Amino acid sequence: MKQHGYALLLSTFLVGVVTLALMPIHATLGSSGLAMSYLMLVLVVSIYARYRTALMTGVLSFLALNFFFVAPRYTFQVDSVNALLELVVFLAVAMTTASLTAKLKTQTFQAEQAKMHVQSAQALAQELLKLTHTDAVLARASGVMARVLDARIILAQRKQGEVTVVMDTEASTPFTIDLMATHWCLDEQQAIGPDTGNWESFDYWCIPLQALEQVQMVIFICPKQLQALQTTPLSFIRGLVDQVNLALELLVAREQERLALSLAERESVQNALLASLSHDFRTPLTAIVGAASHLLAQTAEQDTNHRQLLTMITEEATQMVDDADNILALTRVETQGKSALSADWQSVEELIGIVVSRCRHRHAQLKLVTQVAPSLPFIWVDARLVIQALINLVDNALKFDASGSAIILSAEQRAQWLWLSVRDHGEGLPQDKQAFLKSKFSRGQTESAQPGFGLGLAICDAVAHVHGGKLVLENATDGGLVATLMLPVSIVTEA
Amino acid sequence: MTRQRILVVEDDQAIRLFIESALKSAGYLVDSCTTVATACAYMQAQRPALLLLDLGLPDADGRTLITHLRSRSDMPILVLSARSQEGDIVSCLDLGADDYLVKPVGVAELLARVRVALRHALVMAQRDQVVSVGELVIDLHKGLVLLAGVPVHLTPKEYALLSILAQAQGQVITQRKLLAQVWGSEFVDYGHYVRVQMGNLRAKLERVAAEPRYILTEPGVGYRLAES
């Protein structure tokens, strides 16, 4: 009401001034000149004052024109139809002028506001782009948004169901977060507050930050002037939040790129190291094996003592090469996972064939029987690793089977799994030692006289896992151990 | 028969010592170098019957020597490498090396490979020969395959693969070479084609397919027909 009074006062004063000014010259101006003068006033008022003041000025001008200048003067009566018509047209033009000007003013204001919004968003984006840490982005974003929106900005994070405030531009003033709203906002990934369609009666906005996948975070925007809840367009607020999301996404992408790069670097360094380690191990052992086998070839058949010693040197040195191979393979598979594989479609029969020939080559007296089911499918594996794993299983069977009966190497398909089994006729598995046996460097009996680092099963297990399969150790019902490498028959993805 | 001369290129002194000693006691004349550069210089003056080449040499990649030699000579080249260098082995064979040996290597294996390589160098010209291993006889002239005296029927692809292996009996043939010669050069990456046909061949020729005695697989490299 107070504002209406002010508008009335202002318009009365202005119309009075104009009327007084027109008094001495009204005869010279004529009726159209008078009308023009009052219209001029309405136009000026509607440009510089509010809409309602302009309207009142229009009405008062109409009344003043009628009372002071239209004959009979100093009455509200009109003596001719012509004059009445003139007055009506004047009123209509005055009203139209006021409202058109007001509309134009609103549009100009909106355009300016939109421009300001775009500029704010751009400025925010540019500021955020320079930052390299998530925390810095959040801090700067809060600061800028607090300034631009004249609001208090609070960031809250949900971790394992607990909501905590991580940033507050006015931390000294207490603020109670609506927990229910926060949870709803995070669960639905929707904004809350005026104009959002959710909880419109709130005197703040609560908007989820969607860029950080692992972190659940919402931003609270609490305008200091309650009026801003109506006048600030939601699209502007969303625009600012989008910029924050964008900056965060960019950071995440950059971080991932950096990680991938450093992983690749680490792998290549590691591969170079493994290769040189392998070379350094092998070179002296090659000399030892070669020299011993050469001496063995030169030693007379009847010199059994020397022949035994030389054979032992050859065998032990070869065993060391195998151990080195196992350590290297295990390291590579465990540190690099699937990327360590150089897989191809392999024939099971062929893999078994290689295992048999390598094992026979190594143990001349080996009794090995193969049972390969007919028409097995090709499997997508790293041949070298699978061969190595199977040789380890055969070696293990040999070490722990004192019975001297044949070791059975079998391959068959059961549903979507290929079972590659090595069966011995020894004592079988110690009770409850399965998991223990598979862990690196563990052995069935501590300090046993059997050679090897106990790496054999660990590498088998790792090879099985890296191919998406598993290693199964079970005692056969009729004695002995069955060690099975279970590999999936079809791996669709190659990555 | 004159004693054949072998050049050993190996930088590790201990390995060189045993190789030289083993080759000498098998009746060969042996010279040795430790770098690619000295090997090239040696080759200017001498023409050994066989080159035994270690891949990890200090001054240059052993492969440069293979390329260099193959441009002007058919001299057999045996490559000595570590097992972890499968890719390198294949590229050496593709460049023209005749065979390879994986460290650690025993004397018996070393001498056997040397013998095979030298024999192939001698009989290079004679193509129409009969190759045999165990009970398997491959008559390359007549295109006949006999197992224990009984003819074996092979498909054209199977025979093509077998004859390539037979012509180089005892030597490894890379999978890519088999694919290029039997299927065509655009198929060199279709390794499973070869594996399927080898499976069929083994089913026809081997007593136990999973324990091959004739067609041996060199994982990651290729195949070889066993020596008698």
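Let me begin with a term: helices (H or I, at least four residues) and strands (E, at least two) are DSSP runs, numbered from the N terminus. What we have here is a predicted model, in which local features need pLDDT of at least 70 and side-chain atom pairs count only at pLDDT 80 or more, while totals for chains, interfaces and linings use all residues. Residues are numbered from 1 along each chain as its sequence is written, chains are lettered from A and ligands numbered from 1 in the order in which they are written, and side-chain values use heavy atoms, with hydrogens and water left out.

I will take chain B first. Strand β4 of chain B covers residues 77–82 and includes Ser81(B). Ser81(B) is buried, at a relative accessible area of 1%, where buried means under 20%, exposed over 50%, and partly exposed in between, with a 1.4 Å probe and protein chains only. Leaving aside residues up to four places away in sequence, Ser81(B) touches Leu55(B), Ile89(B), Leu101(B), Val102(B) and Lys103(B), contact being heavy atoms within 4.5 Å.

Now to the cysteines. Over all chains the structure holds zero disulfides, a disulfide being a pair of cysteine sulfur atoms within 2.5 Å. Cys206(A) is in none, and its nearest cysteine sulfur, that of Cys185(A), lies 3.7 Å away; Cys206(A) is also buried, with a relative accessible area of 0%. Cys222(A) is likewise in no disulfide, the nearest cysteine sulfur being that of Cys206(A), 9.2 Å away, and Cys222(A) counts as buried at 9% relative accessibility.

Finally, the domains. Chain A is divided into domain 1 (2–111), domain 2 (131–232), domain 3 (254–337) and domain 4 (341–488), with bounds that come from an automatic or database domain assignment. Taken over C-alpha atoms, the centres of domain 1 and domain 3 of chain A are 104 Å apart.
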